[in-house]
2 protein chains.
Amino acid sequence: MSGRNIALRLRYDGTAYHGWQVQKTVPSVCETVERALTRLCGHEVKAVGCGRTDAGVHALRYCANFRTASTIPADRFPQAANTYLPDDICVTDAVEAPEGFNAILSCVKKEYTYRIFNSRLRDPFLRHRAYFYPSPLREDRMRRAAEMFVGTHDFAAVRSVGTETKTTVRTVHWFTAERRGEELFLRVCADGFLYNMVRAMVGTLLYVSEGKLEPEDIPVLLERGDRGLAGPTVPPEGLYMSGVWYDDPAVGAMMERP
Amino acid sequence: MSGRNIALRLRYDGTAYHGWQVQKTVPSVCETVERALTRLCGHEVKAVGCGRTDAGVHALRYCANFRTASTIPADRFPQAANTYLPDDICVTDAVEAPEGFNAILSCVKKEYTYRIFNSRLRDPFLRHRAYFYPSPLREDRMRRAAEMFVGTHDFAAVRSVGTETKTTVRTVHWFTAERRGEELFLRVCADGFLYNMVRAMVGTLLYVSEGKLEPEDIPVLLERGDRGLAGPTVPPEGLYMSGVWYDDPAVGAMMERP
C-alpha cells in the first residue's frame, strides 16, 4: 500500500500472547495491533515488527511500522491506538518514518533483558514477569562467561533449530549483569539474534554459575557449534525486548527516549 | 480441632480470585490455601484470615491461622505449603501462635495501600496492579482531605452496605500519600475497616483533587453519614493489604519483619 509510513514504539506484557508473529489459531501481539490499527485507520493495516518474540516474552521497547492512507497526525497515534488495544499492549510513541523504513530490515541492533528473581521464596507479583531461581548465583563467574560471548562469533551452539537463517554468525556488542536487590538483570545487545539465542546464553551462564561449565569453556563451545554442550533454554517469562536501534534520526530518537 | 495453632504470613496477587473469603462457586484465596494445607497436613484444615479482601484485591502482608495435628515444625511451613500453592499465592513466614490466637479477632490494626498509576499512558505491566488515573492530581488537597479522616469517626458515609456490623465507628490512625515517580501510594491504617471503606475514601480524595469536594467537606460528610455525598468506590486492582498488627509477640514480630 502507498501512503504514509508510521513507526510505533510499543510496550507489552506478552503473557497472554503467542509472541509477536501472526499465528493461525492463537492470538499474537501483531494481529492484535493490526486489528486495532485497522479499526482506527478505516482500512486494512499490515504491521512489520522489529523481531519475533516468543510466547510469554515481553517488550519494554518494541518497534513496528505500517502504511496508512489516513490523515491522523503521527503524534495522535499513541492515544488513539490505545483506545482500541487491550490493556496489556500499549503504543507509547509514534513518528512518521521515511518511505523505505522497515522495522526489521532497518534495525541495526537490538537489546534483550533477562530478569532473574533470585530469592529463597517465590514472589506472586513476579509470576509471568521474571524467572524464579532460588539457588545462590556466582555472579563473578557469570559475568566472566557473559564477556566470552561478546564479539563476532558463530552462535550455532546457543540457538534452537526451527527458523531458517543464512548465517549463524552474529556480533554481540555487550552482555552485562546488574544486581538490584533480589533480582539479577542480564542485558545483551547484538546486531541480530538467532532463535532462542538469548535464552540459551542465559541458560549457559546458569550452568557456569552452577559449576557445570567454566567461563573459559564458552569459546570452545561456540567454536564446536554443538547445542548439547551449552546450558538449557531458560523460560520465556523472564525475557524482555528492551532496546531497538535505527540509523534513521526520527525513529532512532523515538526509540532512545527514556 | 485441637492441636497446634499456626500463624502464617502470606503474600498474594488477587487478580484471579474472588477475594479471601470462601465463596460457593468461585475460587477464593482462603479455599486455595486450605486445600494446600489439607494436602500438606494430611487432615482437613480450616483457615481464619485477618480480613475480607474483595475480588481483585491483593495482599503484600496477610495473616491467617489454622489448627493442625501435624508435627511439621512451624518454620518448615512456608517452603512446604508453597509446594502445594499456585504461583500467585505465597506463604512467606510461619510461627506457632498461642492457643487463643485468632487472625481476625486478635488483630489490633490493619493497613491498606492504594496504588494509583498517574501517567498520561497506560502501562501494560501495571494492569491488574494499580488504578490508572491519567489526569493531574492535586496532591496537597488530597493530603489535607486524607488528614480529615484521621481519628475516631462514624464512617458510614464511606462504606458499601452489604455486610452487617455492630457499629460504623472506626479509628483511622494514619492516611498518607507518597509519590514515587508516576505513582501515588495512599496508605491508610485503622483499627478496622467497613466494607469498601478504603476504596470509598480514595474515591473521595479523587473528588477533592478534581474540585468536586473541598478538604473541609470531609468532616461534614462523615457527620451526615450520607454515602451519596462522598466520592465513588475506586476499582479493586489498586488495593493491597499491606500491614497487620497483633499484641502477641511472636505473631506481631513475624508480621512486622521487612
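This report describes a predicted model with chains A and B, from the overall fold down to single residues.

## Overall form of chain A

Chain A contains six helices and 10 strands. Its radius of gyration is 19 Å, close to the 18 Å given by the globule rule for 258 residues, so chain A is as compact as a globular protein of that length. Along the principal axes, the C-alpha atoms of chain A fill a box of roughly 60 × 40 × 35 Å.

Of the 258 residues in chain A, 45% are buried. Among contacts in chain A with a separation of 6 or more, 72% are between residues 24 or more positions apart.

## Domains of chain A

The domain assignment divides chain A into domain 1, residues 4-105, and domain 2, residues 108-241. The centres of the two domains, taken over C-alpha atoms, are separated by 27 Å. Domain 1 of chain A brings 13 residues to the contact, and domain 2 of chain A brings seven residues. On the side of domain 1 that touches domain 2, six residues are nonpolar, five are polar and two are charged.

## Contact between the chains

Chain A and chain B each put 16 residues into their contact. On the chain B side, β1 (4-12), α2 (77-84) and β4 (89-97) each supply at least two residues. The element that gives the most is β4(B), with three residues. By class, the side of chain B that touches chain A holds seven nonpolar, two polar and seven charged residues.

## Helix α3

In chain A, helix α3 spans residues 139-149, and its buried residues are Met142(A), Ala145(A), Ala146(A), Met148(A) and Phe149(A). Viewed down the axis of α3(A), these buried residues fall within an arc of 150°, so they line one face of the helix. An α-helix has 3.6 residues a turn, so residues three or four places apart point the same way. The packing partners of the buried residues of α3(A) are β8 (169-180), α4 (197-209) and α5 (217-224) of chain A. Just after α3(A) comes Gly151(A), with a positive phi of about 115°.

In chain B, helix α3 (residues 139-149) includes Ala145(B). Ala145(B) has 26 other C-beta atoms within 10 Å and is therefore buried, the cut-off being 20 or more. Leaving aside neighbours within four places in sequence, Ala145(B) is in contact with Thr204(B), Leu205(B), Val208(B), Pro215(B) and Ile218(B). Ala200(B) is 55 residues from Ala145(B) in sequence, and their C-alpha atoms are 13 Å apart in space.

## Helix α6 of chain B

Helix α6 of chain B covers residues 249-256, with Val251(B), Met254(B) and Met255(B) buried. Down the axis of α6(B), the buried residues fall within an arc of 95°, so they line one face of the helix. The face turned away from this buried side carries the exposed residues Pro249(B), Ala253(B) and Glu256(B).

His128(A) is not a glycine, yet has a positive phi of about 70°. His128(A) sits in the loop between β5 (107-117) and β6 (131-132) of chain A. With 18 other C-beta atoms within 10 Å, His128(A) is partly exposed.

Asn196(B), a residue other than glycine, also has a positive phi, near 65°. Its place is in the loop between β9 (183-190) and α4 (197-209) of chain B. Asn196(B) is buried, with 21 other C-beta atoms within 10 Å.

Note on methods: Residues are numbered from 1 along each chain as its sequence is written. Chains are lettered from A and ligands numbered from 1 in the order in which they are written. This is a predicted model: local features need pLDDT of at least 70, side-chain atom pairs count only at pLDDT 80 or more; totals for chains, interfaces and linings use all residues. A residue is buried if 20 or more other C-beta atoms lie within 10 Å of its own, exposed if 12 or fewer, and partly exposed in between; C-beta atoms are placed from the backbone. Helices (H or I, at least four residues) and strands (E, at least two) are DSSP runs, numbered from the N terminus. The arc is that of the directions from the helix axis to the C-beta atoms. Two residues are in contact if their C-beta atoms, placed from the backbone, lie within 7 Å. Domain bounds come from an automatic or database domain assignment. Ala, Val, Leu, Ile, Met, Phe, Trp, Tyr, Cys and Pro count as nonpolar, Asp, Glu, Lys and Arg as charged, and the others, Gly among them, as polar. The radius of gyration is taken over C-alpha atoms; the globule rule is 2.2 Å times the number of residues to the power 0.38.
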